[in-house]
Amino acid sequence: MSCEEIAVCAVRLRENLCLYFEELECDAFCKEKTIQRFFRNVNSQLLVVHPDLNVAAFEDVTDQEVKSGSGMYFSIHCYKTTSPSEGMPVAFSVQVEDKSYYMCCEKEHGKMVIRFKEGEVPKDIPGESNIIFFKKTFTSCSSKAFKFEYSLEQGMFLAFEEEDSLRKLILKKLTREDEVDETTKFVTSHNERHIL
């Protein structure tokens with residue numbers, strides 16, 4: 001079944017002669033659009049990917065480093081889904097020099113970690129995927145800031161934490177979805193000076 005189709009099943013014909021349908025689940029994601037953005041944390045630092053070190057961290061960067069955009073200008077791939085109530089499904093990729101890397105989550109030593117792997121984000125994802133996050137507004141009164149929930153584990157969000165003088169990108173479990181945790185707050189911008 002393609003992502004453009006919605007499977008339905010006739011359920012019953014009621015006394016008023018109305019036919020009722022039930023929509024069937026289709027665990028699939030289809031890429032709808034891609035936007036280019038920088039990511040900032042609450043300290044106005046930019047997210048920078050270092051695939052050679054297998055790390056992404058928020059850093060203070062110079063204007064010259066920003067102009068190169070290497071490792072910090074993200075493609076946010078927006079997908080259509082059959083269950084939009086979870087939030088906008090997105091995947092992330094970034095160019096570092098002449099190579100493209102996509103972000104995924106993996107279990108390592110019993111803990112979920114963020115990894116950047118060389119390759120492209122797929123156009124269609126037929127089922128569950130370790131690259132999909134649900135984009136949600138950070139708070140109802142903060143429509144310009146977002147948080148990203150990992151699609152395979154409810155309550156697990158992208159966040160940053162201090163480690164060895166770095167603010168590393170991590171996955172963090174929140175006890176409640178409405179919990180306000182500044183480490184899960186992300187602001188995107190078209191360029192280094194214009195914040196959405």
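Guide: A polar contact is a pair of N or O atoms within 3.5 Å, where one must be able to donate a hydrogen and the other to accept it. In this predicted model, the side chain of glutamate 149 makes such a contact with the side chain of lysine 136, at 2.5 Å.

Visitor: Which backbone atom does the side chain of glutamate 149 reach?

Guide: That side chain reaches the backbone nitrogen of glycine 155, at 2.5 Å. Glutamate 149 itself lies in strand β12, which covers residues 142–150, and leaving aside neighbours within four places in sequence, its contacts include Ile132, Phe134, Gln154 and Phe157.

Visitor: Is glutamate 149 buried or exposed, and why?

Guide: Glutamate 149 counts as buried because its relative accessible area is 3%, and the term applies under 20%. Across the protein chain, buried residues make up 43% of the 196 residues.

Visitor: How should I read a nonpolar core, and how many residues has the largest one here?

Guide: In soluble globular proteins, nonpolar side chains tend to be buried together. The largest nonpolar core in this model has 28 residues, and those with the most contacts inside it are Phe92, Phe116, Phe133, Leu158 and Leu169. Strand β7, residues 88–96, gives the largest share of this core, namely 4 residues. A second, separate core has 10 residues, among them Tyr79, Cys104 and Ile125.

Visitor: What does phenylalanine 92 touch?

Guide: Not counting residues up to four places away in sequence, phenylalanine 92 touches a set of residues including Phe39, Phe74, Tyr101, Met103, Phe133, Phe148 and Leu158.

How values were computed: Residues are numbered from 1 along each chain as its sequence is written. This is a predicted model: local features need pLDDT of at least 70, side-chain atom pairs count only at pLDDT 80 or more; totals for chains, interfaces and linings use all residues. Side-chain values use heavy atoms; hydrogens and water are left out. A nonpolar core is a set of buried Ala, Val, Leu, Ile, Met, Phe, Trp, Tyr and Cys residues joined through side-chain atoms within 4.5 Å. Buried means under 20% relative accessible area, exposed over 50%, partly exposed in between (1.4 Å probe, protein chains only). Helices (H or I, at least four residues) and strands (E, at least two) are DSSP runs, numbered from the N terminus. Contact means heavy atoms within 4.5 Å.
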